[in-house]
Amino acid sequence: MSLVDLRGRVAIVTGAGKGLGRAYAQGLAARGASVVVNNRRHAGESTEQTSAWSTVEAIRAAGGQAVANFSSVEAGDSGLAMVRDALDAFGRLDIVVANAAAPQAIGFNKVDLATFRQVFDVGFLGTLNLLHAAWPVFREGGYGRIVTTTSSAGRFGQHGLSAYGASKAAIESLTRTLAAEGARSGILANAVSPYALSQMTEGHMRPDVARRFTPDKVVPLVAWLSSQACTVNGEVIIAGGGRFRRASPVETISLEGNEETFAALMSELTATPGRSFSSSNQAFDTLLVEAGLEPRRPLD
């Protein structure tokens, strides 16, 4: 039995027709949340043929409450439409899980700009549109839980994933910024970086890995981050196979150098452990101290 209680809460989950998004929507509903299930409607599909409706039916069959939304997340009015559906159907909004993304498997030398924009826009603008529409509702209510979806491709880079990785890196930065801005209004924003079997990864996982790294293993983290019990803010948590780890940007100590010493300097810097900072202000103030100057504000 889950320890997370979402009764009375209302959530929006994007990309919830299949895979991880469907698992998140069903997991939140099983813990008591009413859910707006978003997934775009493809050409020629009736409502009953859509993946979003399939998820809604599964939630209702299990005794939960859900409605479908067919917005294409990259469209400028998609976030407003989803928020309106939540308020119209359930009278409130407490949680947004921005999960929708578009796949990419093409090198930068071959990808055209239109394709790059399509992948980036679904990932980043699809997240931005929803968060921007939900933000005033959360601020007015003095409460909100934001869960975005990122990827190791955005932190470390990956061949053939230039647009996808760029969107995920932008999402991590946006999530940390909203965490800083929203805390005083009762809004917590965190990101999940999942490793799980999905339509994007099924061709890249060995059978033994696929059996272990199922979407349901990520659901408990998403549910907890979506709940009042959540105690973290501005974090990126990697989840896969029932295991979890934390990701954070780091910077090394600073070293003096010039053109004559850059080769040796870079060698030393790449071998130096990094440190995490609570904000960009703290990172800069630490550099001032290392340069022998007074920081602009006391260091944490």
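Which residue forms a salt bridge with aspartate 94? That partner is arginine 9, with the closest N and O atoms 3.2 Å apart. (A salt bridge here is a side-chain nitrogen of Lys or Arg within 4 Å of a carboxyl oxygen of Asp or Glu.) The two sit in distant parts of the chain, 85 residues apart: aspartate 94 is in the loop between α3 (78-90) and β4 (95-98), while arginine 9 is in the segment before β1 (10-13). Helices (H or I, at least four residues) and strands (E, at least two) are DSSP runs, numbered from the N terminus. Both aspartate 94 and arginine 9 are buried. Buried means under 20% relative accessible area, exposed means over 50%, and partly exposed is in between (1.4 Å probe, protein chains only).

A quick word on the model: it is predicted, so local features need pLDDT of at least 70 and side-chain atom pairs count only at pLDDT 80 or more, while totals for chains, interfaces and linings use all residues. Residues are numbered from 1 along each chain as its sequence is written, and side-chain values use heavy atoms, with hydrogens and water left out.

Side chains of opposite charge can pair when their charged atoms come close.

Take glutamate 74 and arginine 40, whose side chains meet in a salt bridge at 2.8 Å, N to O. They are 34 residues apart, with glutamate 74 in the loop between β3 (66-69) and α3, and arginine 40 in the loop between β2 (34-38) and α2 (51-61). Glutamate 74 counts as partly exposed because its relative accessibility is 27%. Another pair is glutamate 172 and arginine 155, with the closest N and O atoms 2.5 Å apart. Here glutamate 172 is in helix α6 and arginine 155 is in helix α5 (residues 152-156). Glutamate 172 has a relative accessible area of 7%, so this residue is buried, whereas arginine 155 is partly exposed at 22%.

Now look at lysine 168, found in helix α6 (residues 162-182).

The side chain of lysine 168 does reach the backbone oxygen of threonine 149, at 3.0 Å. Leaving out residues up to four places away in sequence, lysine 168 touches Ala101, Thr149, Thr150, Ser151 and Gly154. (Contact means heavy atoms within 4.5 Å.)

The largest nonpolar core has 35 residues, and Tyr24, Leu28 and Val37 touch the most other members. Helix α1 (residues 19-30) gives the most to this core, with six residues. Apart from this core lies another of 29 residues, among them Ile12, Phe90, Val96 and Ala179. (A nonpolar core is a set of buried Ala, Val, Leu, Ile, Met, Phe, Trp, Tyr and Cys residues joined through side-chain atoms within 4.5 Å.) In soluble globular proteins, nonpolar side chains tend to be buried together.

The buried residues of α1 include Leu20, Ala23, Tyr24 and Leu28. What do the buried residues of α1 pack against? They pack against β1, β2, α2, β4, β6 (187-194) and α8 (219-225). Just after α1, glycine 32 takes a positive phi of about 110°.

Methods. A polar contact is a pair of N or O atoms within 3.5 Å; within protein, one must be able to donate a hydrogen and the other to accept it, and residues adjacent in sequence count only if both atoms are side-chain atoms.
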